[in-house]
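Hello,

Here is the structure I promised to pass on to you. Have a look at it first, and then read on for what turned up.

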Amino acid sequence: MLSEKLPVELSKGFNGLEKIILREARGSSAEVYLYGGHVTSWKNEHAEELLFFSTKAMNSCVKHSLYSIFSPFIGHTRHCLSLQKQFEEEFQYASLNYEFRLRVALGLGGDLMLTSRIRNMNTNGKPFTFAFAYHTYFSVSDISEVRVEGLGTLDYLDNLQNKERFTEQGDAITFETEVDRIYLSAPTKIAILDHEKKRTFAIRKDGLPAAVVWNPWDKKAKALADFGDDEYKLMLCVETAATEKPITLKPGGEWRGSQELCAVPSSYCGGLLDARKVLQCAEKMHY
């Protein structure tokens, strides 16, 4: 049965804060808070939550920067929401003026696309240098049953060892302890395979050359105030990012980066999930 709820709805969420809910006719949905521009939920057509959000994180995650709605759009293949915010910040030696726009789109098949645009609005002739990352936390059944494919044989910087540079030795990344790595020159497509749920997330990125892979494991999880002691078992953070080579914009210059996510059932093949077929779905994604 097709959803009878509104495809785009403004409602109240945590502490009465306003949020926008995007709904696709088959049942998938996404929600975005206007405070902070955070995407706090992405559900498939079975109403299963695909993003991880700690029960302790809302207070620290929802920032006090109120975004304005730029252009909501309801289409045949996508429902879109565009937010914008202009920032003016004063530093010791300079002032900074820039505009940030975020476009959130929910596709017909439930795929989620985020597109960010940053424009240097300085009138003093000063360039603007920044780094960027989508802090995407995926919901998984058990981190020990998860593998990440697409980053094998790449060089990475290990944040647990003072950003020392190493080369990934395996074809896939698996998890048995804390991991905090920045993979350099990452491909446009990455897959997260969840064996227990028989589900794979496919990530496609543009304008974001790096990929950060993070799980705090048990000791660090207990030390984090906005993280449950055992919640590390149920999440994996894979961030598409532009961090190692900061982006510099001249006044009036604009940068664009995007990532698109899809979640599809995946089957076993010789005891392993076959990511090649899953990654084909990324080829069918349209911007």
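A word on terms before the details: helices (H or I, at least four residues) and strands (E, at least two) are DSSP runs, numbered from the N terminus. This is a predicted model, in which local features need pLDDT of at least 70 and side-chain atom pairs count only at pLDDT 80 or more, while totals for chains, interfaces and linings use all residues. Residues are numbered from 1 along each chain as its sequence is written, and side-chain values use heavy atoms, with hydrogens and water left out.

**The annotated site**

Let me begin with Glu239, which sits in strand β20 (residues 235–249). UniProt, in an unreviewed entry, gives the feature "active site" at His135 and Glu239. They span 105 residues in sequence, yet no two of their C-alpha atoms are more than 5.2 Å apart, so they gather at one spot. The UniProt positions follow the numbering used here, feature names are shortened, and annotations may be inferred rather than shown by experiment.

His135 is found in the loop between β10 (128–133) and β11 (137–139). Are the two residues buried or exposed? His135 is exposed, at a relative accessible area of 57%, whereas Glu239 is buried, at 10%. Here buried means under 20% relative accessible area, exposed over 50%, and partly exposed in between (1.4 Å probe, protein chains only).

The side chains of His135 and Glu239 make a polar contact of 2.9 Å. By that I mean a pair of N or O atoms within 3.5 Å; within protein, one must be able to donate a hydrogen and the other to accept it, and residues adjacent in sequence count only if both atoms are side-chain atoms. Leaving aside residues up to four places away in sequence, Glu239 touches Ala133, Tyr134, His135, Thr136, Ala210, Ala211 and Val212, where contact means heavy atoms within 4.5 Å.

**Strand β18 and its partners**

Six of the eight residues of strand β18 (residues 199–206) are buried, so this strand is largely enclosed by the rest of the structure. Which strands pair with β18? Strand β17 (residues 189–194) pairs with β18 in the antiparallel sense over six bridges, and strand β21 (residues 254–265) pairs with β18 in the antiparallel sense over eight bridges. Two strands count as paired if DSSP finds at least two bridges between them. Thr200 in β18 is the bridge partner of Leu193, and Pro265 in β21 is the bridge partner of Arg199. The hairpin of β17 and β18 has four residues between the strands, and Lys198 there takes a positive phi near 50 degrees.

**Salt bridges**

The structure holds twelve salt bridges, each being a side-chain nitrogen of Lys or Arg within 4 Å of a carboxyl oxygen of Asp or Glu. One of them joins the side chains of Glu31 and Lys19 (2.9 Å, N to O). Glu31 lies in strand β3 (residues 29–33) and Lys19 in strand β2 (residues 18–23), so the pair ties together parts that are twelve residues apart in sequence. Glu31 is buried at a relative accessible area of 15%, and Lys19 also counts as buried, at 13%.

Another salt bridge links the side chains of Lys220 and Glu178 (2.8 Å, N to O). Lys220 is in helix α2 (residues 217–223) and Glu178 in the loop between β15 (172–174) and β16 (179–183), so this pair ties together parts that are 42 residues apart in sequence. Lys220 is partly exposed, with a relative accessible area of 31%. Arg117, Arg119 and Glu254 form a network of salt bridges.

**Nonpolar cores**

The largest nonpolar core has 60 residues, of which Ile118, Leu151, Phe175, Ile192 and Leu236 touch the most other members. Strand β20 gives the most to this core, with seven residues. Apart from it lies another core of seven residues, among them Ile182, Leu184, Ala210 and Val212. A nonpolar core is a set of buried Ala, Val, Leu, Ile, Met, Phe, Trp, Tyr and Cys residues joined through side-chain atoms within 4.5 Å.

Pro209 lies in the loop between β18 and β19 (210–215) and is partly exposed, at 47% relative accessible area. Its contacts, not counting residues up to four places away in sequence, are Tyr183, Leu184, Ser185, Ala186, Ala241 and Ala242.

Best wishes
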